[in-house]
Amino acid sequence: MAGRVPTRLDSGMDVAGEGCKREAPWKKMSKEELEHQYSPSRWVVRRGPEEALKTYFQMGNHATQRARASRRSLLDVPYGDGEGEKLDIYFPKEASEALPFLVFFHGGYWQSGSKDTSAFMVSPLTEEGVAVVIVAYDLAPKGALDRMVDQVTQSITFVQTRYPGNQGIYLCGHSAGAHLAAMMLLADWTKRGVTPNLKGFFLVSGIYDLEPLMHTSENACLLTTLEDAQRNSPQWRLETAPMPPKDPACHILVIVGQHDSPEFHRQSREFYQTLRRGGWRASLDELQGVDHFEILWNLTRKDFALTQIILKTIFQESW
């Protein structure tokens, strides 16, 4: 089921221009429909919403415990001065500074989730020679979106500074974590005094335009104004002020699950199209047979399609 080959959706797409831009379809939705569209647990196909969330956290906790017991690691490493600014680093058996690093940002609508239950991909990736970094950030309401974006930027700066001989830093985020990873396309690294060796992005079931969320219950904790939403929306920012790629060779993979909601599909498709129009090297893939949560927890498997995509991208193999 979950190991089926993804559907490549980027061939033949019109990315040169949209002509007269139509109104975003979400603006015609009722508050109830928006709530439904942006509630991923309502779209699971093999479990009820509560069971899907319970299984998701159980599998994340189990994968993290297994990774900490079986892999060489550095845990709770401070990347900043804040209490929540810590990360975990998991190493392959043959460890050196000259490794590719995958840096992962968990989801949870910027309000839940933890690095301590998010090491899904550690075992299969470290087995193949990839170091994995799982990043914590301050959740709302303690952390505002601007602060989270700054912390993610800081965590990447830390990895590059600590391991300057790395063979590439690859950012991976799920759901809200995909949004945070995508914001790094807009980062001003000159302010950090270091340019990270970013080689790829794996944006999994993400949200790239935050404005629709202002009309859902998720906004109560985020306290997002329209200005906040636009400033922290990579979709809006790249549309209104296109930025050329800093590294044209950097590959951005926008990935969505077959059973994600139509709004998650639309967000992924439109962000991909915006990237392509801006000259970024981007692809869009629909992963067959999985919903919003299965797409991540199946990363515990080496034979899972997304695990293979990540490995082949890092090691520059065709897939």
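A residue is called buried under 20% relative accessible area, exposed over 50%, and partly exposed in between (1.4 Å probe, protein chains only). Trp110 has a relative accessibility of 0%, so Trp110 counts as buried. The structure is a predicted model, in which local features need pLDDT of at least 70 and side-chain atom pairs count only at pLDDT 80 or more, while totals for chains, interfaces and linings use all residues. Residues are numbered from 1 along each chain as its sequence is written, and side-chain values use heavy atoms, with hydrogens and water left out.

Helices (H or I, at least four residues) and strands (E, at least two) are DSSP runs, numbered from the N terminus. His179 belongs to helix α5, which covers residues 176-183. With 0% relative accessibility, His179 is buried.

Aromatic rings were examined next. A pair of aromatic rings is described by the distance of the centres and the angle of the planes. Rings of Phe, Tyr and Trp (its six-membered ring) pair if their centres lie within 6.5 Å; planes under 30 degrees apart count as stacked, over 60 as edge-to-face and the rest as tilted. Nine aromatic pairs are present in the structure. One of them joins Phe91 and Tyr163 edge-to-face, at 6.2 Å centre to centre and 65° between the planes. Phe91 lies in strand β3 (residues 86-91), and Tyr163 in the loop between α4 (145-162) and β6 (169-174), so this pair ties together parts that are 72 residues apart in sequence. Phe91 is buried, at 5% relative accessibility. Tyr163 is buried too, with a relative accessible area of 8%.

Tyr109 and Trp110 form a tilted pair, with 5.8 Å centre to centre and 40° between the planes. Tyr109 is buried at a relative accessible area of 9%. Elsewhere, Tyr56, Phe57, Phe120 and Phe293 make up one aromatic cluster.

A charge sits over a ring if NZ of Lys or CZ of Arg is within 6 Å of the ring centre and within 35 degrees of the ring normal. Arg72 lies over the face of Phe91, 4.5 Å from the ring centre.

Helix α11 spans residues 305-314 and is mostly covered, with eight of its 10 residues buried. Among them are Leu306, Ile309, Ile310 and Leu311. After α11 comes Gln316, with a positive phi near 55°.
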